[in-house]
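Student: I would like to go through a model and ask, for each label, what it rests on. Please set the values against the cut-offs as we go.

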Amino acid sequence: MLELLQFSLWLVVISGGFLIGNYYWGAPLLAGGVIFYLWKFIKFVRTPRRDNSPETPQISFRLEDHANPIGPFLSAPDLEKQVIDCKNKLSTLYSTCATLAVIVFIVGIVLSFICSPFYLLAVGVIGIIIFWAYRIQHKEYQGRFDELLELAEHIRNTFFVEHPRPPFQLERCARYYSNIFEVRALYHWNSILNFEFEVYPQDSFLLVCGRKHQDICTTVGEAIESTALRQRLSKPIDPNDLPEVPLLPLPPLTPALEKIRQSPFKNITLMLDILQYRPPFSIEKFCAYWHDREQAALALYLRDEAVFRLGMPAAPMYYPNDPPPTCFWILDEDAEPVEFIMALEEKFNIEISDKEAEKWDFIDIAELVTFVQQKIKK
């Protein structure tokens, strides 16, 4: 919000120059401000974006070593709800003040050109008032947020006095995760946060990290799954990273799924009901329904893109004979189907026509995987 104060003060100075010294004073101030903000914009655009993701070493992972932690687990659901509520208030405050400032600036600047530079002065003063109102309210919310973080650290310290844990070791903690992607995500977070003690997937991410990372209010396991998904989307999935598991027979296509396949756009409620009672997703079970790991890798990528871009639920299992709307229905109001298709085209350097994309609603996921494979081979 500091930019709001700078811009408001600039408007006050410009309007003062126009009102006191006419255009001889106002024009140079206006030109100087435009040049300054143009320079800041060019500097922002030309600043290289650094990838701070740590290099992941070769990590050995064996599915047969998987173990479930016994506990007790570090959690405080009531505290997490308060933190989320406080963060939402801070976010709402910022967006409200920013929106109000933009509206005032646009109206005031237009009126100043039509009527009088006095409106420019009024806009600058109103902008300063909005800034200080934001600062006062933000200080109150931030103070409450800091109190909650101090309470989180107190809960964590008390917990480890009563339930001491051994120091963090990647090889030991890797046993609590079911695939190599999650182990790499665990390494990623450890490289950033430098865990001092052993962490379990059921632990609260907020209590584990404290002030080191305040943006995630889920369990460690959920944060690891989300990070693993993003890492899989960042580069092609190596089929060798997928587990070798015996092939399982496909579950039969139920009448409800057949109904979705015949009328994909009329049965969203039915689809959500089906997904609600599906077993939880796991890469091991997911790969067991595909004939080879190449197909499984491509199907996993399609599923990850649907979760990331279309808002599909990540929790339920998906099968090769599911109709694509079960996995690729757009549940996120801000998502666009063209983004999903463009992501596939860019990822695999292929072209998908509109007519070909329209057929996706009437084929199953295995047929969709075969379609993309054929496009890649061409």
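Tutor: What follows is a set of questions on the labels used for this predicted model.

Student: Why is the Phe-73 and Tyr-200 pair called edge-to-face?

Tutor: Ring centres must lie within 6.5 Å to pair, and planes over 60 degrees apart count as edge-to-face. For Phe-73 and Tyr-200 the centres are 5.9 Å apart and the planes stand at 90°, so by that cut-off the label is edge-to-face. The pair links distant parts of the chain, 127 residues apart: Phe-73 is in the loop between helix 1 (2-46) and helix 2 (77-114), and Tyr-200 is in the loop between helix 5 (180-193) and helix 6 (205-209).

Student: How do you know whether Phe-73 is buried, partly exposed or exposed?

Tutor: Phe-73 has 27% relative accessibility. Buried means under 20% and exposed means over 50%, so Phe-73 counts as partly exposed.

Student: What makes the pair of Phe-168 and Phe-195 tilted?

Tutor: The ring centres of Phe-168 and Phe-195 are 5.5 Å apart and the planes are at 55°. Stacked needs planes under 30 degrees apart and edge-to-face needs over 60, so this pair is tilted. Phe-168 lies in the loop between helix 3 (118-162) and helix 4 (170-173), and Phe-195 in the loop between helix 5 and helix 6, so the pair ties together parts 27 residues apart in sequence. Phe-168 is buried at 14%, and Phe-195 is buried at 9%.

Student: How many aromatic pairs does the structure hold, and which residues form a cluster with Tyr-176?

Tutor: There are 11 aromatic pairs. Phe-73, Tyr-176 and Tyr-200 form one aromatic cluster.

Student: Why does Glu-198 count as buried?

Tutor: The cut-off for buried is under 20%, and Glu-198 has 0% relative accessibility, so Glu-198 counts as buried. Glu-198 is placed in the loop between helix 5 and helix 6. Beyond its neighbours within four places in sequence, Glu-198 is in contact with residues including Arg-165, Phe-168, Tyr-176 and Asp-203.

Student: What makes Arg-232, Arg-303 and Asp-304 one network?

Tutor: Arg-232 and Asp-304 form a salt bridge, with the closest N and O atoms 2.6 Å apart. That pair links distant parts of the chain, Arg-232 in helix 7 (residues 220-234) and Asp-304 in helix 11, 72 residues apart. Arg-303 also forms a salt bridge with Asp-304, at 2.9 Å between the closest N and O atoms. Salt bridges that share partners join these residues, Arg-232, Arg-303 and Asp-304, into one network. Arg-232 is buried at 6%, Asp-304 is buried at 0%, and Arg-303 is buried too.

Student: Which ring does Arg-303 lie over, and which does Arg-232 lie over?

Tutor: Arg-303 lies over the face of Phe-281, at 3.8 Å from the ring centre. Arg-232 lies over the face of Phe-181, at 5.3 Å from the ring centre. Each value is set against a distance cut-off of 6 Å.

Student: How do you know that the span of helix 15 agrees with its number of residues?

Tutor: Helix 15 (residues 365-377) has 13 residues, and at 1.5 Å a residue the helix should span 18 Å. Its end C-alpha atoms are 19 Å apart, which agrees. The buried residues of helix 15 include Ile-365, Leu-368 and Phe-371.

Student: How many disulfides does a search of the whole structure find?

Tutor: The search finds 0 disulfides. Cys-86 counts as buried at 5% relative accessibility, and Cys-287 is buried at 6%.

Key
Residues are numbered from 1 along each chain as its sequence is written. This is a predicted model: local features need pLDDT of at least 70, side-chain atom pairs count only at pLDDT 80 or more; totals for chains, interfaces and linings use all residues. Side-chain values use heavy atoms; hydrogens and water are left out. Helices (H or I, at least four residues) and strands (E, at least two) are DSSP runs, numbered from the N terminus. The expected span of a helix is 1.5 Å times one less than its number of residues. Buried means under 20% relative accessible area, exposed over 50%, partly exposed in between (1.4 Å probe, protein chains only). A disulfide is a pair of cysteine sulfur atoms within 2.5 Å. Rings of Phe, Tyr and Trp (its six-membered ring) pair if their centres lie within 6.5 Å; planes under 30 degrees apart count as stacked, over 60 as edge-to-face and the rest as tilted. A charge sits over a ring if NZ of Lys or CZ of Arg is within 6 Å of the ring centre and within 35 degrees of the ring normal. Contact means heavy atoms within 4.5 Å. A salt bridge is a side-chain nitrogen of Lys or Arg within 4 Å of a carboxyl oxygen of Asp or Glu.
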